[in-house]
Amino acid sequence: MNVEMITREDLQNLKNEIIAELKSILSRDKATDSTWLRSAQVRKMLSISPGTLQNLRIQGHLRFTKIGGCFFYSQRDIAAMLTQNGSKR
């Protein structure tokens, strides 16, 4: 039977590797902040109804672009709206 001892240094190295990997993943997500989402994607992401999304548009809380009959929303604008609303509480 092989028994391996795990030291504090091993745990610290593992922690550093996990943190580095998370930073890498998060930086990749920030690079895609300029992507555009359709209404259905936004509703699913925010767990809101079509009427609530329409109210956000009408009240000017969420910027959008309409191309043909489709509404598109920037992920950056959605994040800004959530940050702004979170700071009001």
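1. Start with the hairpin. Strands S2 (residues 65-67) and S3 (residues 70-74) form it, with two residues between them. Glycine 68 sits in the turn and has a positive phi of about 65 degrees. Helices (H or I, at least four residues) and strands (E, at least two) are DSSP runs, numbered from the N terminus.

2. A word on the source. This is a predicted model: local features need pLDDT of at least 70, side-chain atom pairs count only at pLDDT 80 or more, and totals for chains, interfaces and linings use all residues. Residues are numbered from 1 along each chain as its sequence is written, and side-chain values use heavy atoms, with hydrogens and water left out.

3. Confidence comes next. pLDDT is the predictor's confidence in each residue, from 0 to 100. The chain averages 86, and 87% of the residues score at least 70. Among the elements of the chain, H3 has the highest mean pLDDT (96) and H4 the lowest (79).

4. Now the strand pairing. Two strands pair if DSSP finds at least two bridges between them. S2 and S3 run antiparallel and are joined by three bridges. Isoleucine 67 has cysteine 70 of S3 as its bridge partner. S1 (residues 36-38) also runs antiparallel to S3, again with three bridges. Here arginine 38 is partnered by phenylalanine 72 of S3.

5. Which residues of helix H3 (residues 50-58) are buried? They are Leu53, Leu56 and Arg57. Buried means under 20% relative accessible area, exposed over 50%, partly exposed in between (1.4 Å probe, protein chains only). Seen down the axis of H3, these buried residues fall within an arc of 100 degrees, so they line one face of the helix. The arc is that of the directions from the helix axis to the C-beta atoms.

6. The largest nonpolar core has eight residues: Leu37, Val42, Leu53, Leu56, Leu62, Tyr73, Ile78 and Met81.

7. Look at leucine 53. Leaving aside neighbours within four places in sequence, leucine 53 is in contact (heavy atoms within 4.5 Å) with Ser39, Val42, Arg43, Ile48, Leu62 and Tyr73.

8. Check the loop between helix H2 (39-46) and H3, where serine 47 lies. Phi of serine 47 is near 55 degrees, a positive value in a residue other than glycine. Most residues other than glycine have a negative phi. Serine 47 is exposed, with a relative accessible area of 65%. Just after H3, glycine 60 takes a positive phi of about 80 degrees.

Note on methods:
A nonpolar core is a set of buried Ala, Val, Leu, Ile, Met, Phe, Trp, Tyr and Cys residues joined through side-chain atoms within 4.5 Å.
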